[in-house]
Amino acid sequence: MTPLVSATIDGGALRHNLSVIRQWAPKSRVMAVIKANAYGHGLVAVARALESADAFAVARVDEGLMLRAAGIATPTVLLEGVFDREQLEAAAGAGFELVVHTAEQVDLLRAAAPGMSFKVWLKLDSGMNRLGFKGAAFDSAHAALGALAAVRSPVNLFTHLASADEPDLPTTGEQLARFDAATRALPGERSIANSAGMLSFAEAQADWVRPGLLVYGVSPIAGSIGADYGLRPVMTLKSHVIAHKDLAAGERVGYGGDWTATRPTRLAVAAVGYGDGYPRALPSGAPVLVNGERASLAGRVSMDMIGIDVTDLKRPPALGDSVVLWGEGLPVEEIAVWADTIPYELLCGISQRVAVTIY
Ligand SMILES: Cc1ncc(COP(=O)(O)O)c(C=O)c1O
C-alpha cells in the first residue's frame, strides 16, 4: 500500500554530501551529527548509509544505544554526555565517547567502576553560554579528568559555535580565540565546527568537524541552499492529491475561510497537514510542487490536508498525483523562510505517521 505521506531518503545523496564535506575539510575527520532521529531522516538507516563516517554524534545515550542495538559499531560521541550512573554504565558497555561539560560529570567519572574506560571530550564554553566550562573551571576540570583512571589520555578538546552562520559578526572569531587561548598548551584532538563553522571558518575545522545539516544536503547559511555548495537534498516530503474542485470567484477555502478565490479557480486538496509535521505557520502562497510544477497553498494548513491553487498548471492534476512539500525540486530552505523558521525544525518535525523510506 503506497503511504499517503512519505519522506523518501536518498542514500546516494547522503554519501555524496559526505564526500563533498570531506573535500572541504580534507585534513579533518568527520563526526556526522545524527541526533534527533538523524534530523528526521531515520537514525539507523542514515547511520548505515554513512558507514564511512569516522564517527557519529548523538545528543543522548538512548540515541546511541539504538545504533548499537542495530549492530552499528562506529565510534559514537554523546554530545551532552551522561547524567547518572546508569547512563555511565550503559555508555561504558556501548563504548561511547563522552562530552564532559559539568563538574557533576567529572564526579561521575571519578566514581566509575574499575575497568571502565572512556574517550572524553572536555567542552569549553567559549561564548555560547549553553554547555561547557569557562576560564579556571576549564583548567581544573582538565586536570581532574587527566588524573582519572576511567579517562583515556589525552583528554580531547571541544567547543561549539553560536553564530557561525553569520560570518560577518565578530563573535565566532572571539570564540575561536578563546578556544585557542584555553587549549593551546594542551595535547589531544580538537573539535569545534558545526556545518556553518566548517563552511565559513577554515581555521575552525581542526581535527574533527561535526556537520549535521550539510550531511542532509541543506545549507545552514540564510539566503543560500545546499545546491549552491554542490550538495544534494536527502529528504523529499511527498503527498498526493486526494480531491479537487472548481471554485467561483469569491468562494473561500479552509478553516476560517482565510483564502478567497479572486477568479474561477481549480483547487486540489492534498493529504498532508500539521499532523504530519507540515507547519501550520505556512501562509497561502507558499510553494508546493504538483507533478513537478510549482503551485501555491490556498487557505490554512489543517491537520491532515492542504488546499492548493492549481489553476495555472499546464496539466490539471488528477487524483493520486504527487505533491512535493520540500526536497527534490523544492528546497526546504525556501519553505523554512515561508514558515518563518529554520530548515532544522522542518526536517526534525516530521511526525511518526509519515512513512520514512530510504533508497
Ligand atoms: C554540539 C553540536 N555540534 C554540531 C552540531 C551540528 O550542527 P549543524 O547541523 O548546524 O551542522 C550540533 C547541532 O545542533 C551540535 O549541537
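Here is a short walk through this structure, from its overall build to its ligand and a few backbone details. It is a predicted model, in which local features need pLDDT of at least 70 and side-chain atom pairs count only at pLDDT 80 or more, while totals for chains, interfaces and linings use all residues. Residues are numbered from 1 along each chain as its sequence is written, and side-chain values use heavy atoms, with hydrogens and water left out.

Let's start with the whole protein. Its secondary structure consists of eleven helices and 18 strands; these are DSSP runs numbered from the N terminus, with helices being H or I of at least four residues and strands being E of at least two. Along the principal axes, the C-alpha atoms fill a box of roughly 75 × 45 × 35 Å. Of the 359 residues, 52% are buried, where buried means under 20% relative accessible area, exposed means over 50%, and partly exposed is in between (1.4 Å probe, protein chains only). Among contacts (heavy atoms within 4.5 Å) with a separation of 6 or more, 63% join residues 24 or more positions apart. The protein exposes about 15,400 Å², and carbon and sulfur atoms supply 54% of that area; accessible areas come from the Shrake-Rupley method with a 1.4 Å probe, and for residues only the protein chains shown count as cover.

Now turn to the ligand. There are 13 residues around the ligand, and Lys35, Tyr39, Ser195, Gly212 and Tyr344 come nearest; a residue belongs to this group if one of its heavy atoms lies within 4 Å of the ligand. The side chain of Tyr39 places an N or O atom 2.6 Å from an oxygen atom of the ligand. Tyr344 likewise has a polar side-chain atom 2.6 Å from a ligand oxygen atom. For Arg210, an N or O atom of the side chain is 2.9 Å from a nitrogen atom of the ligand. On its own the ligand has 400 Å² of accessible area, and the protein covers 90% of it.

Finally, have a look at the backbone. Most residues other than glycine have a negative phi, and most peptide bonds are trans. The bond from Ser153 to Pro154 is cis, with omega near -5 degrees, and Pro154 sits in the loop between α7 (135–146) and β7 (156–158). Asn37, which is not a glycine, has a positive phi of about 55 degrees. Asn37 belongs to helix α2 (residues 35–39), and Asn37 counts as partly exposed because its relative accessibility is 41%. Asn129, also not a glycine, has a positive phi of about 55 degrees and is found in the loop between β6 (120–123) and α7.

Notes:
Polar contact = N/O pair within 3.5 Å; in protein donor to acceptor, adjacent residues only side chain to side chain.
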